[in-house]
Amino acid sequence: MSAYEQEKQQKTKCYTYFSLSGKFEPKEITALIGLEPYHEKKGESESEWRYGYNDRYEPIIADMFARTIKDLIPKVSIISDIVSVFHAKAYLVAVVEIYTDEVTPALAPSLEVMKFCVDSRTEVDIDLYNY
């Protein structure tokens, strides 16, 4: 069986993204960060700004996180300021669907990912679904 056929049959899935939520105007966040989000929503009590959606599954989630934050690493001080000024929450999110009959992914973030999170005041949120 080819690698493509194995990947196609694989049931375990994961996606990662970076998210800001709080009382802000999403267009202002886009202007401050200088990157176009894949999702933004202006809400009455809370708005969302999401960037770096990555669903190219790798069993080492740190590699997926690294792809998600690649463009955000130079923006850590801006993100930290947004968290402070807008009282926003920043999250680096992984949503993982694990099937017990397959190899389980490694969930530990790399030092590069942890440094980004500390410097930008970003929390890590890992949602696990086990089937």
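Biologist: In which loop is His-87 found?

Modeller: The model is a predicted one, and in it His-87 is found in the loop between helix H4 and strand S4 (89-98).

Biologist: Why does His-87 count as exposed?

Modeller: The relative accessibility of His-87 is 68%. Exposed means over 50%, so His-87, at 68%, counts as exposed. His-87 also has a positive phi of about 50°, although it is not a glycine.

Biologist: What makes Arg-121 partly exposed?

Modeller: Arg-121 has a relative accessibility of 42%. Buried requires a value under 20% and exposed a value over 50%; 42% lies in between, and Arg-121 is therefore partly exposed. Arg-121 is placed in the loop between helix H5 (111-120) and strand S5 (122-130). The phi of Arg-121 is positive, about 60°, although Arg-121 is not a glycine.

Biologist: Which residue just after helix H2 takes a positive phi?

Modeller: That residue is Gly-34, with a phi of about 80°.

Biologist: How do you know that the buried residues of helix H2 line one face?

Modeller: The buried residues of H2 (residues 26-33) are Pro-26, Ile-29, Thr-30 and Ile-33. Seen down the axis of H2, these residues fall within an arc of 100°, so they line one face of the helix. The general rule is that an α-helix has 3.6 residues a turn, so residues three or four places apart point the same way.

Biologist: Which exposed residues does H2 carry on the face turned away from its buried side, and what covers the buried residues?

Modeller: The face turned away carries the exposed residues Lys-27 and Ala-31. The cover over the buried residues of H2 includes strand S1 (13-22), strand S2 (39-41), strand S3 (47-54) and helix H4 (76-85).

Biologist: What makes you say that the buried residues of helix H3 line one face?

Modeller: In H3, the buried residues are Ile-61, Ala-62, Met-64, Phe-65, Thr-68 and Ile-69. Viewed down the axis of H3, they fall within an arc of 155°, so they line one face of the helix. Those buried residues pack against S1, S3, S4, H5 and S5.

Biologist: Why is Asn-54 called buried?

Modeller: Asn-54, which lies in strand S3, has a relative accessibility of 9%. Buried means under 20%, so Asn-54, at 9%, counts as buried. Leaving aside neighbours within four places in sequence, Asn-54 is in contact with Cys-14, Tyr-15, Thr-16, Met-64, Arg-67 and Thr-68.

Biologist: Which backbone oxygen does the side chain of Asn-54 reach?

Modeller: The side chain of Asn-54 reaches the backbone oxygen of Met-64, at 3.3 Å. A polar contact needs N or O atoms within 3.5 Å, and the 3.3 Å between the Asn-54 side chain and the Met-64 oxygen meets that limit.

Biologist: Why does Ser-21 count as buried?

Modeller: Ser-21 is in strand S1, and its relative accessibility is 10%. Because buried means under 20%, Ser-21 qualifies at 10%. Beyond its neighbours within four places in sequence, Ser-21 is in contact with Glu-46, Ser-47, Ala-88, Lys-89 and Tyr-91.

Biologist: Why is Asp-71 described as partly exposed?

Modeller: Asp-71 is found in the loop between helix H3 (61-69) and H4. The relative accessible area of Asp-71 is 32%, between the limits of 20% and 50%, so Asp-71 is partly exposed.

Biologist: What does the side chain of Asp-71 make with the side chain of Tyr-51?

Modeller: The two side chains make a polar contact at 2.6 Å, a distance within the 3.5 Å limit. Not counting residues up to four places away in sequence, Asp-71 touches Leu-35 and Tyr-51. Asp-71 and Ile-61 are 10 residues apart in sequence and 17 Å apart in space, C-alpha to C-alpha.

Biologist: How many helices and strands does the protein chain have, and what percentage of its residues count as buried?

Modeller: The protein chain has five helices and five strands, running α-β-α-β-β-α-α-β-α-β from the N terminus. Of its 131 residues, 39% count as buried.

Conventions
Residues numbered from 1 in each chain as written. Predicted model: local features only at pLDDT ≥ 70, side-chain atom pairs only at ≥ 80, totals over all residues. Heavy atoms only, no water. Helix = DSSP H or I, 4+ residues; strand = E, 2+ residues; numbered from the N terminus. Buried < 20%, exposed > 50% of the residue type's maximum accessible area, 1.4 Å probe, protein only. Arc of directions from axis to C-beta. Contact = heavy atoms within 4.5 Å. Polar contact = N/O pair within 3.5 Å; in protein donor to acceptor, adjacent residues only side chain to side chain.
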